[in-house]
Amino acid sequence: MTGAPGGVSVRAGIERQPWGAIGAFLLPAFTVYVALTAYPVLRTFYNSFHRVLPRKGDELVGLANYAELARDELFWRAVRNTILWACASPLAEVTIALLLAVALYSRIPGMRFFRIAWFTPVLMSYIVVGIIWVWIYNYDWGAANALLRALGLEGFARAWLGDPKVALPALIFITTWMWAGFNMVVLLAALHSLPGEVIEAAELDNCGWAGKLWFVIIPLIKPTILNLLVLSFIGKMKIFDLVWITTKGGPLWSTETVSTYLYKRAFEWTTFDLGYPSTIATVWFAIVLTAVLGLTWLFRQRERLEY
Amino acid sequence: MKKVRLLLAAAALAFAASAVAQTKITMWSHWAAEKIKRDYVEDAIKRFEAANPGVKIEASWYEKTALYAALKTALRAGTAPDFFYAEPDQFEYMENGLLLDLSSLNWAAIEPWAKEAWSYKGKPYGVPLEAWTVEVFFNRKTLGELGVTVPASLQLDSAAFLELAKKARGKNMTPMALGVGDRPYPGAHLTHEALLKKLGTQDYDNLLKGKLSWSDPRVVDTLRLVKTWVDAGLLPTTFTSLKLGEAHGYFHTNPGAATFLNGSWYTSRAFNPPDKGGQPVNFPLGIMKFPAIPGAACNECRTIAVGGSYVGNAATKQPKAVLAFLNSFATPEMANRWLENVLVQTGIKADHSKISGPHAGYFKDLAATSAGAKYYFGIPIQVMQGKPKEVFTQVVNNAFPAGTIGVDEVVKQMNAAYK
């Protein structure tokens, strides 16, 4: 046995661990985790292989739900929309947020006002934001079309949420407007933590504004940018509220996301079966998890190559 | 000792009193925002409680979407109320044995077609309180200004209807208020009523059930006709986002429309006071029949649907009290009270000759549009299930009347939905 400083053995140390107290402290969190996270996840996975109806036993259907899902064109349409949203939105949000953060970092006039104004949208719930934007996008009297008409661009006025060609981009614009401020605050914090001497050295080398941003600032805050991209990606892969308030997935499924489709299958189709909706949830969980692990791996590989 | 006896006696009395009043039954219902219907049901509850002192009914009011989601979860979890609001298209309730068998109700007081709408495998499951027809409401003053005269038959032909749309648009007015912002069916009224007239009840039923192709020339012709109305700018430019409640205000208040295609339950919102969303005082409301369709098999055909109903929870611990309360609706008096106050049809047999009150004239107008009618029971989404229902909602309820897609696309999408 290895001796320990002070002559106390490791085994004796372990034996003196207050296991009772540790268990007592862990139990509440562990119970909540098992009841509200682990069990629902496992149950959803179990349900996906069954037909689950009230007042009837669960009926094992094997892979039938998965086979049906593979042929379900509405599901794949929802997958396409969601992935498009999850890819486009983070890039737009973080790019705009970076520009706004740099503007505040360089102390533009009225920066306090702009910091609050740009951050405010994220303080509102998707419900409120959805209602506001339904008004803004109203064909007759909404601000979007009023602005276009005022600018003499009447031809571009349209029912933004009623036209399948533009409904999804219109919603992506809303989430970009909503989340750019949040990303801006995080990036601003990252900018303030940058070592001043590196920026000063770049200035001494006559590096211009764009050069400093591209060659100095962005590389230094890259970990923050990547984290924001991944967080935004995950958020958009789960998006539900905004779509439900504004379009309910229409018109013609052009804004249908996996979450809205799952909800419809679980609560709006004339069935009580939870098996098929559970299959959607299981498959989508696997896709999101794979995507996040893939992105994380990709970002790590790139870091290794650079350093 | 005497004091102890008195205390014991008082306690026994209190216990007995609580035992008498201990039958509590719970109800979840739609119509939170429809005061007239809510008042009617609350009045029925008061009457029932007065006649049955041992029973207390605890009512919770919802809007329909929230109610349906809450019920689906509660029924699965076994925490649903003793009885609740439902509509007959929700046959998943009956399919899964979740509803109380209502065979013992006084069915002699209920219209046979309404009982049929709520029957599943030979047993009835719902009290069909509300029945409704699809009506074309119009503003008499506006139609007068447009130079449109509604004939004595109360039915314009399709060309006259198209002319109405063009004249209204010519005066920068919306010809017909209608919106699908929060409901899966109002936009489809335009198409399904036209199809019903063109095909007649049997072929229309076949169409909805996938036994008749949407490529049938009669269907295509009718869709083309509806498309001419849509292309003439019949519907609001905000059609896709306009909510049902907003569509009411759009018609009678702001900005105003010449007509409004809606269920006959229009009254439950419009006959509220104006400051609570009702139509203006002395609003010149008229009702006409849906336009006649050229070459129709049945221009007198129209849709009647059983709407708001009450059903019992099969798992209730108070089935007798639930049955007794639901049975209290099944009388001609309750049916007449419904007609007088709600001014919407009901599935309970009523004595129309006894209807009185300030809106009796309105009810006569409503009855006139149904004179000689042949009915098809249920709107399409009450008949369809699964994918055809979803596709119908997106295509026929929304994209087609919005003008986003044409006739060929409707035919293609609907045919594909049944495969």
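**A walk through the two chains**

B:D182 sits in the loop between strand 8 (174-177) and helix 8 (189-208) of chain B. Helices (H or I, at least four residues) and strands (E, at least two) are DSSP runs, numbered from the N terminus. From B:D182 to B:L98 there are 84 residues in sequence and 27 Å in space, C-alpha to C-alpha.

A word on the ground rules. This is a predicted model, in which local features need pLDDT of at least 70 and side-chain atom pairs count only at pLDDT 80 or more, while totals for chains, interfaces and linings use all residues. Residues are numbered from 1 along each chain as its sequence is written, chains are lettered from A and ligands numbered from 1 in the order in which they are written, and side-chain values use heavy atoms, with hydrogens and water left out.

How confident is the predictor in chain A? The mean pLDDT (the predictor's confidence in each residue, from 0 to 100) is 89 for chain A, with 93% of the residues scoring at least 70. Within chain A, confidence is lowest in helix 1 (residues 10-15), at a mean of 60, and highest in helix 3 (residues 64-71), at 96.

Now to helix packing. In chain B, helix 2 (residues 35-51) and helix 12 (residues 319-327) pack at an angle of about 120 degrees, their axes 10 Å apart. Axes are lines fitted to C-alpha atoms, for helices over the stretch in contact, and angles run from 0 to 180 degrees between N-to-C directions. Where do these helices meet? B:A44, B:I45 and B:F48 in helix 2 of chain B meet B:A321, B:A324 and B:F325 in helix 12 of chain B.

In chain A, the axes of helix 4 (residues 73-105) and helix 11 (residues 222-237) come within 8 Å and cross at roughly 145 degrees. Among the residues making this contact are A:W85 and A:L91 of helix 4 of chain A and A:L228 and A:F233 of helix 11 of chain A.

Finally, the two chains meet: 30 residues of chain A are in contact with 32 residues of chain B. The area buried between them is about 2700 Å², of which carbon and sulfur atoms give 57%; buried area is the accessible area (1.4 Å probe) that two parts lose on being put together, summed over both. A:L252, A:T270 and A:F272 supply 28% of the area that chain A buries against chain B, more than any other three residues.

Note on methods:
Contact means heavy atoms within 4.5 Å.
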